[in-house]
Amino acid sequence: MSTLLWKEFRENLKWGVVLLIISFLYQLGSQFISPYEQVLLYSNFESMLGLGCAIAATILGLLQTFREVSRDRWAYLMHRGVTPQQILRAKAIVGISLYLVAGLVPLGILCVWAAIPGNVAAPWHPLIPVRPFLTILSLAPFWFVGVLISLRDVRWYGTRLMVFGLPAVLGIFSVALLSSSYFIGILCSLVPTVINMALMLILTSNSVERRGQYGQLATPSRCILALNISISIAAAMMFVLGLGSQLARPYLAEGPKVNVRTTILEDGALEEVTVDNLTQKIIARKINGQSVAVSETHEPEFLTWRKYPEWIPGGDLYGMQPWLPAPMHLMDQQLQCVWHYLPEQGVFQGYHRQTRRHMHTISPEGVLPASQTPQQRFDRLTASTVDYGVEIATRDKDNKRDPVTPPLRSDTVYAFRDGVFYIHAESGEVRKIYSAPPDDPLTGVRITESVPSQQVYEYEKPPADSPRAPLLAEFQHKKTVRQFVIKAEDEKRIASQPLHEQLFAPLEQQAFVMPKGLDTSLYSQFLGFRKGTHALYVFVDASTDIAMYHMLYAKADGAVQRHVVTNSLAVEVLSGIFPVVVPPGMVVTALTEGRINQIDTSQVAAEDFAVHPALTTVHRLLIAGVISALIGLGLSVDRKVSRNSLIAWTLFCALMGVSGLLALIGLVPRPLRVKCHQCGKLRAVDQPHCPQCHAEFEPPPQNGTEIIIREPELVPATVE
Amino acid sequence: MAGDIEIILGSAAPLYRQIVDQVRLGVATGNFAIGEQLPSVRALAERLLINPNTIARAYGDLVREGVLESRHGQGVFIAPRRSVFSDDERQRRLALAVDALISESVGLQCSVDEIRTAVEARLKELGLSNRKKRG
Amino acid sequence: MSDFVIETSGLTKYYGSKIAVNQLDLAVPRGGVFAFLGRNGSGKTTSIRMLLGFETPTRGSCSILGCDSQRFTPELRNRIGYLTESHFAYGWMTIAECERFQSGTFARWNDRIFAAVIEHFGLSRKARIKDLSRGEKAGVCLAMTLAPEPELLVLDDPALGLDPVARRALLEAMLIVTQGTERTIFFSSHLLDDVERVSDQIAIIDRGVLRVLCPSHELAERTSSWILKYAGPTPTLPEISGLLNVSSFPGEIRIIAVGAIDENEQRLRALAGVDVQRVPVNLQDAVVSYMDDRGRRKSLFQSIGA
């Protein structure tokens, strides 16, 4: 074994070194380029690292194997007094070790570097490198993917690559499980990694023994390989289909050529505007159901357009990990600090840009120097969004933005579980502007500018006489949603007084009364707006298989006047294809559809009331499953698999749909059939007896010139 | 000399037959002396670079014919001319050989004189003219 | 101790719809040198690879030293030496490193043999494989194959690309191996001179079918050829049993046939106006006739019209 290790090491050390250099450049380069940030915390760094790890491990496995695969070289390697498993094991130990060194050594150096104060303008916590470390670790099984790609004895290179699916899924799973409470998270994360390594090792080891031929593998390996290929094909198909549908979307016949966008006017009236999809021009306009004239310059602002946090497996990185600091966008000119929020301490820490040392701390008491220990702390940080790009500030008489007065910006309003704080680092101002009820903690804050729909409003140059836009602040609690409309009483007072004095004195506080029969705990992404006498609610009902969008137009007292239910266009189009094609894909689609980036009621056609598709997802899945099972059964019978395999493949195809069928076609070859010389029927060439007449094969043709002497006389005993 | 055995590859005669014929010819011409030791199977195989089994077969045939004798532990030697066959048997074999010669020659449409001249010339050439029957 | 070191039973291999090896039944006895002959693409290398377990038969089975080829254990591989025609060794290794690699992965290792072969080819241990010539690489591979002292040596076209000196060394090595031991050599070659020199038994495979399996000296003995000289129109040939090959030249026909020598001769001599001359057949001609197209092939000269 040591000989094998020595040989692999000598042969492949150079690749390990190349990998190490690349990894060094990426990891340390990323940090040196931005010394203000703790790159290890950034999801960009981590996703690039993850992708890089998967590719690197695969390439390493490839390099170690594909050159060995040519016939004579393979025979040279394999024909020795060691088992193929030992040979693979030696390759794996060397390969994965080189990979780990390449990944972890730069990481270690990076950690040491970052932990020394004055190097990086960010706090350090020993658990920070755990995520990248586990990312590197959980993608190690991709080394086996490289080996399998080299080994597999198939004609088309496309199918050779279809072995990344299983390790990818388990790898992603492993990293995703990392998010919550850390120690359990780490343990949970290791389990899929271990399973991943084990499965890939079993499959690859058996494949090496049998030179990559499916038909020769043992049953466990066959199952793993079939699953792997099927998942890979499904992923590839989803990627292609997804890409294709995105590109084709504007041109799809099914998609509407126009969209109807809904909003509420000041007086509570429901406005519906029909917009042409391609030209984005307004075609028609209705208020409370009545058509009105369209003004050329009309550009409605859609209150129903909001941004929601993206659904990533593992959820909110910063909220969930109580140990890790979160970079914050508290920018300030004077203090010249980069700010981080530390969940464990409940404070903000500011690190100086130049010296990169901890200079200031922000606690509920205010902005303190670093040497001073804060006596109070903030509660847990929640999501807060202030429409970025829109600097909500007061305007002076000439409608110019007043830069002096502290503005309400995404970096000044922070929501914690117990209330909302206004934090302005430059002026040193830290003030609680809203307290949540103790039994109804805050879950998020949204502040946006609400623009009257009659007005055209360009960002840079508002018309001279445009009235001040009120601010719509929405505070989402666990149980309730509270909205505040913030208006300034008159210009002078706003300009001369600090804005926040006036800000959340409730000038107009409205709490929603839910329409009867709606239980918000069932729904996600609840959104509500109220203007005048009416309110517009939009929410997603994810309790059904396909997330259904509900839009209610109701009176302030809760009486519902109109209720529209639909699923979005995306689901409509893709779900038509997916279930027949990729049942697992449908499941994923259904899970994620409800959490897309935007809820855009532009997808809702005004005439669509309570539209339910005739076939729900469940129906589609069942039909797809049955069709796939039948086709799979037919293919398997044609390929003359054993009875156990027949059952297994049929079930497999039922579950995996088209990707399962393609795996079956790719893996199990059709045996060659020739005519039986006795009964004339077709018979497989790999069976010694004809299934119909039990005859053997004809001996090869003789033409009278054969000399076959099987038992030659032995050489006479040696004469000397 | 007994060491003069050579082989020709690609000839119609198999290798073992070539060795047999050469030894026989050598004995007949007196090139190989009675009691002379032939190279061992191994040594000859090495020199000629052929399979020792070939040589073993040749030697085996020659021993059976009585041309060679095998002394245990020492090797093979040219055997003294022994009458392996009885007189009648010898006559019978001679008659066969003569028949073979005659049928071949007559087939070539040679005259009797031609045949006789050819035989005598050859015997002379090989220096066997004056050999007497060995007792 | 079994009689046969290599046995195949109905060994068949299809590539797609083409049959490469057609129900091969071989039995190679222990001891001696067995030559496995056939044209390129006749199924020879495929058979050898199946024997060593590197290809899977479509049907039938093959075994070495009593063990099925698809289930070789490392212990068994220790007892078989395998030399492929490309004389492969890792280019980056020096000869000393090759030795380390080989000796570390085989159970038995005879230093003396390795050293002797290396020295015979005039090689230094420090030389790198990628700097060696074809013949020198062959020497290293030979050393690596012989040093573990295998019971069975399987050589697939070992002399391919070798210069005469290296070829000679190879032959010597082959003879040394089988000297006085129960070791067997199974080899294939296109160099019929070498085959004639060293083989005990010959097998010829043609288009996947075994056509000859016999002791080497018997092949030529059982084959005969005649030259028919004629003037005037080409005579029609009688029925020749075991006809291997007929070549026509202006005024001349050459016939090679197997077996039934007297019978065939009689029939030929019965032809009127034809001069029949029997020509002895040597091993090489016999082998080539088996491999050549049945009967009516013209010589290249005739095809070109030289």
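Trainee: Leaving aside neighbours within four places in sequence, which residues is C:Ala203 in contact with?

Mentor: This is a predicted model, in which local features need pLDDT of at least 70, side-chain atom pairs count only at pLDDT 80 or more, and totals for chains, interfaces and linings use all residues. Residues are numbered from 1 along each chain as its sequence is written, while chains are lettered from A and ligands numbered from 1 in the order in which they are written. Two residues are in contact if their C-beta atoms, placed from the backbone, lie within 7 Å. With those neighbours set aside, the contacts of C:Ala203 are C:Leu26, C:Phe36, C:Leu37, C:Leu210, C:Val212 and C:Leu213.

Trainee: Which residues touch the most other members of the largest nonpolar core?

Mentor: A residue is buried if 20 or more other C-beta atoms, placed from the backbone, lie within 10 Å of its own, exposed if 12 or fewer, and partly exposed in between. A nonpolar core is a set of buried Ala, Val, Leu, Ile, Met, Phe, Trp, Tyr and Cys residues joined through C-beta atoms within 7 Å. The largest one holds 180 residues. Those touching the most other members are A:Ala57, A:Tyr99, A:Trp143, C:Val154, C:Phe186 and C:Ala203.

Trainee: Which helix gives the most to this core?

Mentor: Helices (H or I, at least four residues) and strands (E, at least two) are DSSP runs, numbered from the N terminus. Residues 84–115 of chain A make up the helix you want, and it gives nine residues to the core. Its name is H4 of chain A.

Trainee: How much of chain C counts as buried?

Mentor: Chain C has 11 helices and 15 strands, and its C-alpha atoms fill a box of roughly 70 × 40 × 40 Å along the principal axes. Among its contacts between residues at least 6 apart in sequence, 71% join residues at least 24 apart. Of its 306 residues, the share that counts as buried is 50%.

Trainee: Which element gives the most to the side of chain C that touches chain A?

Mentor: This contact takes 37 residues from chain C and 31 residues from chain A. Strand E2 (18–24), helix H2 (74–78), helix H3 (95–105), strand E11 (209–215) and helix H8 (216–222) of chain C each supply at least two residues of that side of chain C. With six residues, the one giving the most is E11(C).

Trainee: What is the bridge partner of A:Ile708 in E11(C)?

Mentor: Two strands pair if DSSP finds at least two bridges between them. Strand E26 (residues 707–708) of chain A runs parallel to E11(C), and two bridges join them. The partner of A:Ile708 is C:Leu213.

Trainee: Why do the buried residues of H3(C) line one face of the helix?

Mentor: In H3(C), the buried residues are C:Ile95, C:Cys98, C:Glu99, C:Phe101, C:Gln102 and C:Thr105. The arc is that of the directions from the helix axis to the C-beta atoms. Seen down the axis, these residues line one face because they fall within an arc of 165°.

Trainee: Is A:Pro701 buried or exposed?

Mentor: A:Pro701 is found in the loop between strand E25 (682–684) and E26 of chain A. With 8 other C-beta atoms within 10 Å, A:Pro701 is exposed.
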